[in-house]
Amino acid sequence: MTELPHIAVRSDIPTEVTLKNNSQPTLPQIASTSIFHAIPDNVLADALTTPPFVPIPGALNLRDLGLLTPSTVKPGLIYRSGALHTLPPSSTPFLKSQLHLRKIYDFRSENERAKGPDPEVEGVKNICLNYTEKPSRAVPGDFKLNGGVDAYVKMYDDVLRVHAQSYKTVLMHLRDRPGEAVLFHCSAGKDRTGILSAIILSLAGQTREVIAYDYILTRIGIESEREMLTENLKVWLGDDAMEQDGVFELSSSNAANMLAFLKFMDEKYGGPVGWCRSILGFGDEDLDVIRRNICV
């Protein structure tokens with residue numbers, strides 16, 4: 001299951017994982033499962049023990065950027081995840097003993113953190129990176145057009161604006177603390193977390209296909225909390241949320257979203273590296289140090 005086949009852009013039609021001749025689907029095939037359908041338990045259990053997933057019981061969308069195939073990032077150094085309050089007390093010690101973390105960076109809003117506080121682990125510091133800008137409100141109907149790609153590009157450019165200083169804090173950690181493992185997360189580990197992951201992987205010279213592959217894996221990582229996430233959509237949009245135009249696209253982790261956004265960054269900022277220079281103020285020496293610290 002560790003092979004990386006060509007990533008196909010998913011259609012608008014909701015799909016389920018189908019097993020033929022008792023074969024085990026690949027991670028990209030499992031990730032193509034619609035948010036409207038459950039991933040079978042046996043398929044999910046196998047997927048969550050396959051790299052780049054880190055098999056800590058109760059973890060939400062926890063992955064090691066150094067275990068992507070192929071990898072340009074050192075394994076055991078940079079972790080991404082969804083919210084950590086889903087971890088049972090028996091699993092929280094693994095954040096230090098298994099992942100060797102000293103700092104965890106949380107991109108969530110104050111309201112999100114109030115509903116699901118980060119676990120307290122001795123020797124691990126939770127750093128809450130508060131918004132410095134007010135985010136724009138996503139309109140689900142906008143995601144109905146062009147498979148949601150255009151709306152995602154617009155939303156992710158807003159994520160760059162809102163979280164620029166938060167991202168800079170994590171990148172400074174990678175620059176100034178060589179060899180010290182780090183984990184960053186938001187609620188689902190898809191959008192805010194996914195954009196920083198794409199930037200880090202770009203700095204490490206990773207291919208766009210692998211960056212998109214990393215992005216689509218969120219569909220697998222959130223399965224354990226899929227019902228909770230759909231309930232949150234209903235709180236936001238009403239009981240008919242899952243029938244509203246654009247919600248399917250808004251809830252998807254389509255490779256086309258990430259590929260289009262990276263192309264947009266190329267055109268507007270000169271790519272992720274150009275964004276780090278022009279918006280975050282990193283110089284060539286800073287970026288070289290980050291590369292040396294994180295690259296295989």
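Visitor: Among contacts between residues at least 6 apart in sequence, what percentage joins residues at least 24 apart?
Guide: The model is a predicted one. A contact here means heavy atoms within 4.5 Å. Of the contacts between residues at least 6 apart in sequence, those joining residues at least 24 apart make up 69%.

Visitor: What radius of gyration does the protein have, and why does it agree with a compact globule?
Guide: The C-alpha atoms fill a box of roughly 50 × 45 × 40 Å along the principal axes. For 296 residues, a compact globule would have a radius of gyration near 19 Å, so there is agreement with the protein's value of 18 Å.

Visitor: What percentage of the 296 residues is buried?
Guide: Buried residues are those under 20% relative accessible area. The protein exposes about 13,200 Å², of which carbon and sulfur atoms supply 52%. The buried share of the 296 residues is 54%.

Visitor: Which element gives the largest share of the lining of the largest pocket?
Guide: The largest pocket holds about 1,800 Å³ of space. Elements giving two or more residues to its lining are α4 (110–115), α5 (149–176) and α9 (226–237). The largest share, 8 residues, comes from α5.

Visitor: How do the lining residues of the largest pocket divide into nonpolar, polar and charged?
Guide: The lining comprises 46 residues, and Glu-112, Ser-187, Asp-191, Arg-192 and Trp-236 lie nearest the pocket centre. By class, the lining residues divide into 22 nonpolar, 12 polar and 12 charged.

Technical notes. Residues numbered from 1 in each chain as written. Predicted model: local features only at pLDDT ≥ 70, side-chain atom pairs only at ≥ 80, totals over all residues. Heavy atoms only, no water. 1 Å grid on protein atoms, 1.4 Å probe; cavity = no way out; pocket = protein on both sides within 12 Å on 5 of 7 lines; lining within 4 Å. Points joined across faces, edges and corners; volume = space filled by probe spheres on them. Helix = DSSP H or I, 4+ residues; strand = E, 2+ residues; numbered from the N terminus. Nonpolar A, V, L, I, M, F, W, Y, C, P; charged D, E, K, R; others polar. Rg over C-alpha atoms; globule rule 2.2 N^0.38 Å. Buried < 20%, exposed > 50% of the residue type's maximum accessible area, 1.4 Å probe, protein only. Areas by Shrake-Rupley, 256 points an atom, 1.4 Å probe, with all protein chains shown as cover.
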